[in-house]
Amino acid sequence: MDLFDPYYLQQLAIGLSLGMTYALMAIGFTLIFGVLNVVNFAHGEIYTLGAFAGLVLITAAAPPIAAVVFAALAIGAFAGFSLERLAFKPFRRFTDEASLKSRAMRESTLLSSLAVSIVVREALEIVFGSQMRSVPFEYLINTPVRVGPVILVTGDFIILGVAAAMLIGLQYLLTRTRIGLSIRAVSNNPLGAKYVGIDTDRTIIMTFVVGSMMGAAAGILVGLYYGAIFPAMGFVPGIKAFVAMVMGGLSSIPGAVICALILGISESMATTFVSSGWSDMVAYGFLILTLIFFPNGLFGAGRERV
Amino acid sequence: MTHLLEIENASRRFGGVLAVNDVTAHVDEGELVGLIGPNGAGKTTLFNLISGFTPLSAGTVRFAGTPINGLRTNRVARLGISRTFQNLRVFPNMSVFDNVSVGAVGTLPQGPLDALFGAAKRADAISERTWAALEAVGLTHVADELAANLPYGRRKYLEIARALAMQPRFLILDEPAAGLNDTETRELAAFIKRLHGQGLTIMLVEHDMNLVMSICQRVLVLATGRKIADGPPEVIRQDPAVLEAYLGVDA
């Protein structure tokens, strides 16, 4: 069995594109969850909202694709802001030292964000129905492109480009800008940051807005890539992004991206040997292996949380 | 004459406990004032009242004439009150340089778009302040080190550097000598005097009586939430109320 058989190259390419879609989701997820150190399980619904915002605009006005992405970004920013106010802000009422250190206070957002995610998903089902909506043909980003022996689609390149731009942009934001410095300071020690004049509230909102814009952009891009948009679409990528984040060490954005790619490739390779229904097992298997053998994640130990 | 910091009849109640009870005190521009008191005297609560962290139950606190009652901590910091902590609050996973520049960033004036684009525009102002503060505490050679990797004593200076990068008008040091040995405490005393010599107004809360008595011009004494003495070190040393509070004897 020759590993350089075009079949394996094609599987590798499919895996890479699958991994890129996970990475797209994992970047914003890791920013909020890992860097800001709060549990946010509503990121998957932000992704779904981004996709539906795009779809609604496409059905209503049939604008150029850039406008569709822009609408998704705007909805993402708004959704991130509302999510923070609704599910996170109420748990920051108590600013004394004991509550700031309390795990219970921090982890309560696990439930509040989960609640928001359930409400949003159900609301979308009421409004749009739970079945898949297909994206009009002319908006799909899956025109085949032949690269040597493998066939890719335009969406692969777009998603790769967007993920790279997000990664680089975020690295720039976190290390070279004031808001980035503030985000890192708040993630390190919220009280210390307050005392040196950082508006922690505003910093947290900004992080949610930026992270959610990325989540919404991911949603619409993946929607146009697969051509299907439905209320539960954020669930599986959300889990995969979560696994990638844990594997990457919880707080490392580049680590999460690399692990998202590893996940994608492993899943697509696994379908060669087992039926595709089992491919989700790969992600969970990786999660368990990581937690047992690398409790700090593959890229987590001793690094700054960026 | 107006004082830099004016505390008027300040009280703070936690349930049934009056942690700070009707305290009136002031600090003038350029002073180096010590704040002492037995455990539970209300020193930290008074600090928290000054920094806006804890709201007052009664009374007022004015800084440079502006009432700071009800202002949020980060607003108070921007007015020019800066502090260090007894149990350090450095940013462990950031470099020494970044730790200090957060101080500069937090207090530089900023417009709505500065958060995203201001860094490049003001990089000079930020790094200038940062280097100056690192220079002042002698940490320039470890600027790229992670804060978590510094030894404890150095981290204290890092926190002071971060406070200095805010270019404060009033610096509060919360038990800076805690956990330091005698040599380190002497170095710290010399350092605080040097800062004071450069015109900075400083309030020092400390358990180390020698440190306070040797460098402060004036000492405030709190006991069970009340101010029981206020005067130069040599007077405080003899004050019967202070002796009683510390030793529990009838003087």
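## Domains, chains and a helix pair

In chain B, the centres of domain 1 and domain 2, taken over C-alpha atoms, sit 26 Å apart. Those bounds, from an automatic or database domain assignment, are 1-80 + 170-251 for domain 1 and 91-168 for domain 2. This is a predicted model, where local features need pLDDT of at least 70, side-chain atom pairs count only at pLDDT 80 or more, and totals for chains, interfaces and linings use all residues. Residues are numbered from 1 along each chain as its sequence is written, with chains lettered from A and ligands numbered from 1 in the order in which they are written.

Where domain 1 of chain B meets domain 2, the contact (C-beta atoms, placed from the backbone, within 7 Å) takes nine residues from domain 1 and eight from domain 2.

Now for the two chains: 22 residues of chain A are in contact with 27 residues of chain B. On the chain A side, α7(A) gives the most, with seven residues.

Here's the class make-up (Ala, Val, Leu, Ile, Met, Phe, Trp, Tyr, Cys and Pro count as nonpolar, Asp, Glu, Lys and Arg as charged, and the others, Gly among them, as polar):

| Side | Nonpolar | Polar | Charged |
|---|---|---|---|
| Domain 1 of chain B, touching domain 2 of chain B | five residues | two residues | two residues |

Back in chain A, helices (DSSP runs of H or I, at least four residues) α11 (253-273) and α12 (280-293) have axes that come within 8 Å. A:L263, A:S266, A:E267 and A:A270 of α11(A) meet A:V282, A:A283 and A:F286 of α12(A).

Terms used. Axes fitted to C-alpha atoms, helices over the stretch in contact; angles between N-to-C directions. Helix = DSSP H or I, 4+ residues; strand = E, 2+ residues; numbered from the N terminus.
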